[in-house]
Amino acid sequence: MNEKEISAVLLSIPERVEKIRAELGKRIYGQDELILMLLAGIAAGGHCLLTGVPGLAKTLLASSIAEIADLEFKRVQFTPDMMPSDITGNEILEIDKLTGERVFKFVRGPIFTQLLLADEINRTTPKTQSALLEGMQERSVTIAGVTHPLARPFFVLATQNPIEQEGTYPLPEAQLDRFMFGLEIDYPSCEDELKIMLNTTSAGALPPLEKIITAEELLLFQEAIRFLPIPESVAQFATRIVRATRPEKEKSSSTASKYIRWGAGPRAGQCLALAGKAFAAFDGRFNVAKEDILKALEPVMRHRVILNYRAESDRKTIRDILDEIVWSAT
C-alpha cells in the first residue's frame with residue numbers, strides 16, 4: 001500500500017471498530033473492555049487467551065466476532081484423550097478409483113480455519129497443546145514433512161477455566177508466550193446480569209448480526225496498523241518496563257527481585273508495540289503514546305510474568321506489581 005492508501009485505511013478504522021462493538025452489544029452484555037481488547041488483538045494479528053468461569057459467553061463472543069467479520073469459524077473442545085492429529089489433521093491411505101493405486105491423502109484438521117476457538121485448552125495434554133504452536137507462530141502446519149499454509153487471517157482464541165483443576169494440564173510458558181493477550185473475564189454487573197437473564201430466555205433471543213467487515217479488509221487493517229510510528233521515547237519506555245520484570249538482571253526493579261520468579265521475554269515488547277499501535281488506530285491517532293502502552297500492559301504481561309511464593313504470601317497481584325514497576329520506570 002502507498003501512503004495515501006494507508007492513511008485512508010487508518011482513518012476508517014475508528015468508525016468501523018465502533019460499529020463492530022455496537023453490533024456485538026446486541027448479544028454480549030457488560031463486557032465492553034474485553035471486547036475492545038479482543039478487537040485490538042485481532043487488529044494487531046495476535047492470539048488471545050481468555051480465562052473465566054463457565055457461562056460468561058466466551059464461545060458466543062468468539063462466534064459472534066467471526067460472524068461480524070465474515071470469518072470461517074471452528075470450535076474445538078479440548079479433552080484429555082485428544083491427539084495432535086485431531087487438531088492439525090492427518091494422512092490417510094486411500095485407493096485411487098481411476099488407477100487402483102494406494103495413495104496418501106491429507107485430511108485437514110480444524111486448525112485450517114480463520115478463527116479457531118480452542119475451548120478449555122488446558123484440559124488436553126501438553127503434546128496436543130503443542131500442536132497449535134507452529135500454526136500460531138508460523139501460520140502453517142507441517143505434516144509428514146510437508147508444510148501446509150493456514151488461511152489468512154488466522155487467529156486462535158483459547159479459553160481456560162480457572163476454578164477446575166482436576167484433569168487439567170497448565171499451559172507451559174512457551175505456549176503462553178504465543179498469546180498476545182491474556183484476558184480475564186469477570187462476572188457481569190447486577191444490571192447486566194438481569195439483562196442477560198431476560199434477553200436470553202425470550203423468543204428470538206439470538207438476534208442476527210450484520211457483517212461489518214470482510215477478511216480482506218481485516219488484512220488491510222493489520223497491514224496499515226504496522227505502519228504507525230512509535231516515538232523513540234515511547235519505545236524506550238516500553239523496553240524499560242519489559243526489562244524491569246526480569247529478576248537478577250540488569251535494569252531489573254527491586255519489585256521484580258522480590259516478587260517475580262520469571263520475567264517477560266522480548267516478545268512482550270513486540271506485543272506492547274503492536275497493541276499500542278492498534279489502540280492508537282482505534283482512537284484515530286497516527287502515532288503511539290505512552291497511554292497506549294499502559295493500556296496494553298496488563299493483558300500483555302499477565303500470562304508472561306511468573307510470580308513467586310512471596311508474592312502470593314504478601315497477596316500481591318500482577319496489577320500491583322506492574323504498577324510498582326511502571327512507577328519506577330517513569
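## Basis of the model

Because the model is predicted, local features need pLDDT of at least 70 and side-chain atom pairs count only at pLDDT 80 or more, while totals for chains, interfaces and linings use all residues. Residues are numbered from 1 along each chain as its sequence is written, and side-chain values use heavy atoms, with hydrogens and water left out.

Side chains of opposite charge can pair when their charged atoms come close. A salt bridge is defined here as a side-chain nitrogen of Lys or Arg within 4 Å of a carboxyl oxygen of Asp or Glu, and by this rule the count comes to 16. One of them joins the side chains of R27 and E67, with an N to O distance of 3.1 Å. This pair links distant parts of the chain, since R27 sits in the loop between α1 and α2 and E67 in helix α3 (residues 58-68), 40 residues apart; helices (H or I, at least four residues) and strands (E, at least two) are DSSP runs, numbered from the N terminus. R27 is buried, at 11% relative accessible area, whereas E67 is partly exposed, at 26%. In these terms buried means under 20% relative accessible area, exposed means over 50%, and partly exposed lies in between (1.4 Å probe, protein chains only).

Another salt bridge is formed by R75 and D119, whose closest N and O atoms are 2.8 Å apart. R75 belongs to strand β2 (residues 73-77) and D119 to strand β5 (residues 115-119), so this pair ties together parts that are 44 residues apart in sequence. R75 is partly exposed, with 41% relative accessibility, while D119 is buried, with 8%.

The side chains of R267 and D177 also meet in a salt bridge, at 2.5 Å from N to O. Here R267 lies in helix α12 (residues 266-282) and D177 in the loop between α7 (173-176) and β9 (181-184), so that distant parts of the chain, 90 residues apart, are linked. R267 counts as partly exposed at 23% relative accessibility, and D177 counts as buried at 19%. Elsewhere, E184, E298, R302 and R319 are linked in a network of salt bridges.

## Two buried residues

H47, in the loop between α2 (32-43) and β1 (48-51), is buried at 2% relative accessibility. Its side chain makes a polar contact (a pair of N or O atoms within 3.5 Å; within protein, one must be able to donate a hydrogen and the other to accept it, and residues adjacent in sequence count only if both atoms are side-chain atoms) with the side chain of R139, at 3.3 Å. Apart from residues up to four places away in sequence, H47 touches several residues, including M136, F154, R178 and F181, where contact means heavy atoms within 4.5 Å.

L115, which lies in strand β5, is also buried, with a relative accessible area of 1%. Leaving aside neighbours within four places in sequence, L115 is in contact with residues including A62, I65, L71 and F155. The C-alpha atoms of L115 and S63 are separated by 8.5 Å, although these residues are 52 residues apart along the chain.

## A nonpolar surface patch

M1, L220 and F227 make a nonpolar surface patch of about 260 Å². Patches consist of residues with over 30% relative accessible area and no salt bridge, where like charges are joined within 9 Å and nonpolar side chains (Val, Leu, Ile, Met, Phe, Trp, Tyr) within 5 Å; accessible areas come from the Shrake-Rupley method with a 1.4 Å probe, and for residues only the protein chains shown count as cover. M1 is found in the segment before α1 (3-24) and is partly exposed, with a relative accessible area of 32%.
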